[in-house]
Amino acid sequence: MKGHFPIERFASMRTPFYYYDMDLLRQTLQAITTEANKHEGFCVHYAIKANANSQVLKTIRQAGLGADCVSGGEIEASLKAGFPSSKIVYAGVGKSDWEINLGLDAGIQCFNVESVPELEIINELAGAKNKIANVAFRINPDVGAHTHANITTGLAENKFGIAMRDMESIIEQASQMKNVNFVGLHFHIGSQILDMGDFQALCNRINDLQDQLERHHIIVNSINVGGGLGVDYQHPNRIPIPDFKAYFDTYAKRLKLRPGQTLHFELGRAVVAQMGSLITRTLYIKNGAAKKFCIVDAGMTDLIRPALYQAYHKIENISSEEPFETYDVVGPICESSDVFAKQVDLNSTKRGDFIAIRSAGAYGEIMASQYNCRPLPVGYTSDEL
Ligand SMILES: *Cc1c(COP(=O)(O)O)cnc(C)c1O
């Protein structure tokens, strides 16, 4: 089974480009809001870093999600897309002064603070503006996720967050500061997580931490569990929408929320990965000594995940119905790692055929670079084509 694409429209277009299936995005958002709204106090934010295409952001904002930012540029992009500042949260280990000031001026919902020195600077900058900044503390829960080493973030050895043993001390320090208001705890254990057991382990950890705080009469208004829900890269056609029911139900069942507490989520990949494909043209079929190369006009500069994480993306020849042959699909960049896949079966491919690299809506266009002086790929939505 292959995906459906408006190939006639593609014929006159310059490749490579990203194609975003907006109907699938809307269906995915519908599934998210339906499942999240079954539980009281659940608030879903979208992690802007996965894909900041302006049409994509607008559609997500229209569905009522908030925004999760990791830079000043992302705060600007979310404000431009119309996200209300009261639904913008901002995390990151290295927030610079201009970024903190931007968040303060916009009046964002919350800074997710990752160290004591950062807390001190936020207090100082907020004081200079006579403002009070809402802060949550990103706690490193030392919970491993069964995913690629480069995308686990919740282990003690990772650079993210505040160690659990320092949690009470930073809350105490914040209570002494005039220009910050402690509102909650923040966590994020990693990405592309498909084992609900990993999220259960996070819930257990948060339950323990909440019990500990309660013994010291510390009240937390909100818990933010980050993102990380994965998608099925093997089967983008059969399973285009992640199992949001299982995901939200896991938290509803395992996490002991206190009365009035809100529970925040920051989903990135699960929202946008499956609606995007990188569309590229076949330039040459080259017969190597031991294999056939399908050389396409997209490269690792357009989609870096295979080179960076050895990530798998399903690849389809959407122009051909010929019998299958086996190819290494490679790009034109002067790097040996510029390979999208080795030994994949494609319908017999010739020069000019369109190749779709699937599940590329998350961490695709946004991570593109201009290495080799290549132009950045453009993102087109199904609504505009
Ligand atoms: C990257 C990130 C997310 C989103 O992760 P996904 O795996 O794309 O869902 C959420 N929160 C924080 C703090 C992040 O850094």
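The lining of the second largest pocket takes at least three residues from each of domain 1 (7-17 + 274-381) and domain 2 (22-271), the domain bounds coming from an automatic or database assignment. The model is predicted, so that local features need pLDDT of at least 70 and side-chain atom pairs count only at pLDDT 80 or more, while totals for chains, interfaces and linings use all residues. Residues are numbered from 1 along each chain as its sequence is written, and side-chain values rest on heavy atoms, with hydrogens and water left out.

This pocket holds about 260 Å³ of space. A pocket is here an open set of points on a 1 Å grid over the protein atoms alone, where a 1.4 Å probe fits, with protein on both sides within 12 Å along at least five of seven lines, and lining residues have an atom within 4 Å of a point. Of the 16 lining residues, Gly3, His4, Asp21, Asn237 and Arg358 are the closest to the pocket centre. By class, the lining comprises 7 nonpolar, 6 polar and 3 charged residues, with Asp, Glu, Lys and Arg counted as charged and Gly among the polar ones.

Two helix pairs can be followed next. Helix H2 (residues 22-36) packs against helix H3 (residues 54-62) at an angle of about 30°, their axes 10 Å apart, which makes H2 roughly parallel to H3 (angles under 35 degrees); H2 passes H3 in a right-handed crossing. Helix H5 (residues 97-106) and helix H6 (residues 116-128) pack at about 55°, with their axes 10 Å apart. H5 is therefore oblique to H6, and their crossing is right-handed.

Technical notes: Grid points are joined across faces, edges and corners, and a volume is the space filled by probe spheres set on the points. Axes are lines fitted to C-alpha atoms, for helices over the stretch in contact, and angles run from 0 to 180 degrees between N-to-C directions. Helices (H or I, at least four residues) and strands (E, at least two) are DSSP runs, numbered from the N terminus. Angles under 35 degrees count as roughly parallel, over 145 as roughly antiparallel, 65 to 115 as roughly perpendicular and the rest as oblique. A crossing is left-handed if the near helix is turned anticlockwise from the far one by less than a right angle, and right-handed if clockwise.
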